[in-house]
Structures are given as structure tokens and as C-alpha cells.
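Take a slow look at the fold shown below.

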Amino acid sequence: MRVLLIDQEIAAAQAIKAGLARASVVCDIAEYEAEELVELAASGYDAIVASVPNARLDVAQFIATLRHRRIGLPVVVLQGFRNSGESVQLINAGADDVLAKPVNLTELAARLRGINRRINGHVETHLAVGRFNYFFDGRMPTIDEKTVKVSRRERELLECLVLRQGRIVSRRFIYSYIYGHNGGPVSEKTVDVVMCKVRK
């Protein structure tokens, strides 16, 4: 799973990124203006995690803009402290969940996965595609109930595809899903290599 993290506090953002990585959630830290963030939202991410307050971005307005443009990407907001009035405003704007810091990052990862499964029409903690079973709780996938060991990149590709089974997924979308927008430069042909390994 890949999420876009919006947080003006770099140290806090790096800590969240590291914690989510331990829960197998890949995280890109956003350093963009609001309009660029809207464009990024539909390009390979499963969810957005946004911290408030943020001096550079009106988070409620940003979420409202996403919804106005019919971008249904899940948004989880992290508050500096519990504020029920602000929570109501954010949820009314289109946020899917609001949590107060300090947040348990394992719980945050689980909430993100749960929201992502439901928004893609899946309510189970695993998804069967023929003889293949993919697990959203971190377990390795299975074929005929036998565990298949896959690398992190292969797992990300499998998750990208199983959540969108029955739909055409472009190479560019897969590339963004696996490598994000602020990773190092990687050839799109690398996706073909990962795909070949997954097919085998």
C-alpha cells in the first residue's frame, strides 16, 4: 500500500514514514503546493495522510477540493490534539477518519488498509483470485494454500492488481504505485521485470 503524507513538520513526517514502513505501508512525503497535491492524488496512491494544523495548506479546503473534483482517494487526518469541532469540519469536508496525535502507527496502517479495502469494494482481510490468495494483514500470499515468498516490490504489485481486478491498470499507474513520486529515478521497464517475476 502506498500513501501520500502531508505534514509540514519534517521530523514528525519522517517518523510516521518509518513507522508505516515497518507495517508494510510505503509513504511519500509531499512537498508540493495545494494544486499539485490535487493532481498527485489520483496518480498511484491508495490514501492520503494529512496533519493539521498546517500553515502551508488548508487541509479541510484541500479535502473539499478533492471531493468536488470527484477524487475519492481516502483521506485520514492527524490532529495535533483532539478537537471535536475540527473533526466534524474535516469529516464534513470529506475526510474518512480523524485521529489525534500521538498516533499508534500500527493502528494507523490497519485503518488505512481497512478504508482502502472497503473503497475498492472488499470487506474481507484477504482476497481470492482463483487459486491465489492475497492477505492484507502482512502475510505472504498463497497458491493452493501453500505460501509463496515474494519481495516487497512484488507484493506491492500484487496488491495494486488484486484491488483492481477486472480493471485495466496502466504501466504508468503501476510504476507510480510501486515507486511513488519522490523516489529515485527508475526506468518504467523495471515494472516489466517485476511483472515477469510475479507471473512466474
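Buried means under 20% relative accessible area. Keep that cut-off in mind. The model is a predicted one.

Begin with Leu163. Is Leu163 buried or exposed? Its relative accessibility is 1%, so Leu163 counts as buried. Leu163 sits in the loop between α6 and α7. Now find Arg117. Leu163 and Arg117 are 46 residues apart in sequence. In space, their C-alpha atoms are 7.5 Å apart.

Next, look at Asp46. Asp46 lies in the loop between α2 (34-40) and β3 (47-52). Asp46 has a relative accessible area of 2%, so Asp46 is buried as well. What does Asp46 touch? Setting aside residues up to four places away in sequence, its contacts include Met1, Arg2, Leu73, Pro74 and Asn116. Glu159, Leu163, Arg164 and Tyr177 are also among them. One of these partners deserves a second look. The side chains of Asp46 and Arg164 are joined by a polar contact of 3.2 Å.

Now turn to Tyr177, which is placed in helix α7. Tyr177 has 0% relative accessibility, so Tyr177 counts as buried. Again leaving out residues up to four places away in sequence, Tyr177 touches Met1, Arg2, Gly44 and Asp46, among others. Its contacts also include Glu156, Glu159 and Cys160, along with Leu163 and Arg164. Compare Tyr177 with Leu57. They are 120 residues apart in sequence. Their C-alpha atoms are 24 Å apart in space.

Glu159, for one, is touched by Asp46 and by Tyr177. Helix α6 covers residues 152-162.

Two packed helices are described by the angle between their axes and the distance between the axes. The axes of α7 and α8 come within 9 Å. They cross at roughly 85°. The two helices are therefore roughly perpendicular to each other. On the α7 side, the contact is made by Arg171, Ile174, Tyr175 and Tyr179. On the α8 side are Thr190, Val191, Asp192, Val194 and Met195. By class, this contact has six nonpolar, one polar and two charged residues.

Now find another helix pair, α1 (residues 10-22) and α5 (residues 105-119). The axes of α1 and α5 come within 9 Å and cross at roughly 70°. That makes α1 roughly perpendicular to α5. The crossing is right-handed. Which residues make the contact? From α1 come Ala15, Ile16, Gly19 and Leu20. From α5 come Leu105, Leu108, Ala109 and Leu112. The residues of this contact divide into seven nonpolar, one polar and no charged. The spacing along each helix is worth a thought. An α-helix has 3.6 residues a turn, so residues three or four places apart point the same way.

Finish with the backbone in the loops. Where are the cis peptide bonds listed here? One joins Val52 and Pro53, with omega about 0°. Pro53 is found in the loop between β3 and α3 (59-68). Another joins Lys101 and Pro102, with omega about -5°. Pro102 is found in the loop between β5 (97-100) and α5.

Two residues carry a positive phi. Arg70 has a phi of about 60°, although it is not a glycine. Arg70 is in the loop between α3 and β4 (75-79). Its relative accessible area is 79%, so Arg70 is exposed. Asp144, also not a glycine, has a phi near 55°. Asp144 lies in the loop between β8 (142-143) and β9 (146-147). At 43% relative accessibility, Asp144 counts as partly exposed.

Conventions
Residues are numbered from 1 along each chain as its sequence is written. This is a predicted model: local features need pLDDT of at least 70, side-chain atom pairs count only at pLDDT 80 or more; totals for chains, interfaces and linings use all residues. Side-chain values use heavy atoms; hydrogens and water are left out. Helices (H or I, at least four residues) and strands (E, at least two) are DSSP runs, numbered from the N terminus. Buried means under 20% relative accessible area, exposed over 50%, partly exposed in between (1.4 Å probe, protein chains only). A polar contact is a pair of N or O atoms within 3.5 Å; within protein, one must be able to donate a hydrogen and the other to accept it, and residues adjacent in sequence count only if both atoms are side-chain atoms. Contact means heavy atoms within 4.5 Å. Axes are lines fitted to C-alpha atoms, for helices over the stretch in contact, and angles run from 0 to 180 degrees between N-to-C directions. Angles under 35 degrees count as roughly parallel, over 145 as roughly antiparallel, 65 to 115 as roughly perpendicular and the rest as oblique. A crossing is left-handed if the near helix is turned anticlockwise from the far one by less than a right angle, and right-handed if clockwise. Ala, Val, Leu, Ile, Met, Phe, Trp, Tyr, Cys and Pro count as nonpolar, Asp, Glu, Lys and Arg as charged, and the others, Gly among them, as polar.
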